[in-house]
Amino acid sequence: MDEMKMDREMQEMLHQCAQGLEAPDKLKTRIDFALKSGEAPRKVRRPFAKRLAAVALVAAVAITGAMAGSGVVGWYSSTWLDQNWTDFAQTAEYVQEHVPGAKYVESFSNGYVFAKGYEDTVDKRDESGNTLGSFTGVLLNYEKAGATLTVETEPVQEEGQYASPYDVVRMVGDTQVHYRAMKAIALPADGSIQPTEAEQAAFERGEINIAYGSSVREENTFYRVSWIEDAIAYSIYTFDPADLAEDDFFQMAQEIITS
């Protein structure tokens, strides 16, 4: 696939995914996220496309069920892939600027090691698309034998809902940690392939995610462990768990919590 076509498909995927994600009717929540200025850097490769989709999905999980009366109905997440740092020491500078007090590690005991870091800016929007505020978090990518996972930290937002009834919950010390493996389906944006009635119903219940913008039907799983500590929201997530099991995600969370 040529780079321009990949750019267009990524943009369409995020846009269509935003249109399709809705919270329970009583909250009238709508998700809207995309790349900043609607254009991705030209040297985007598929692993980064998956990372972008993960960022979008994390934003969706956080805002779905937004607090009634806040005026915020969507989060617009923007990440520049060509603006990153590979020197781990620089992480302290970005964390201090955007998420003071956030915890992070250079590597995990399971062999995942820091590779790159990014800023992730999120605009909060109302039903008319007006920006009501914004915040910036930090994304840290870790790699091991070709597999990548992302650690995200951001200041907690009062309108966000950071837990799901489908989560597996454990206590790590005094911190409640949530884990979820969510089925994710990607379909063509032209509507040539539709989800089954059962899949659509599961999507509306919040059990799975359905996005649009791929050239063919694709199915994978989004793995995520998350928690809140000292008004900071943390997530560790990936589409490619490699040899990681549920216990491994909780172990990584513990290593950050106790760092």
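**Strand E7 and its surroundings**

I started with E7 and strand E8 (residues 209-212), which pair in the parallel sense over 4 bridges; Leu 187 stands opposite Tyr 212 in E8. For me, strands are DSSP runs (E, at least two residues) and helices are H or I runs of at least four, numbered from the N terminus, and two strands pair if DSSP finds at least two bridges between them.

Ground rules: this is a predicted model, where local features need pLDDT of at least 70 and side-chain atom pairs count only at pLDDT 80 or more, while totals for chains, interfaces and linings use all residues. Residues are numbered from 1 along each chain as its sequence is written, and side-chain values use heavy atoms, with hydrogens and water left out.

Next I checked the antiparallel partners of E7. I found 10 bridges to E9, with Arg 180 opposite Arg 224. Strand E6 (residues 168-172) is joined to E7 by 5 bridges, and Val 168 stands opposite Tyr 179. E6 and E7 make a hairpin with 2 residues between them, and Gly 173 in the turn has a positive phi of about 65°.

How much of E7 is buried? I get 10 of its 13 residues, buried being under 20% relative accessible area with a 1.4 Å probe, protein chains only (exposed is over 50%, partly exposed in between).

Then I looked at rings, which pair if their centres lie within 6.5 Å (planes under 30 degrees apart are stacked, over 60 edge-to-face, the rest tilted; Trp counts by its six-membered ring). The whole structure has 11 aromatic pairs. I noted Tyr 179 and Phe 249, tilted at 5.5 Å centre to centre with 45° between the planes. Tyr 179 sits in E7 and Phe 249 in helix H5, 70 residues apart, and both are buried.
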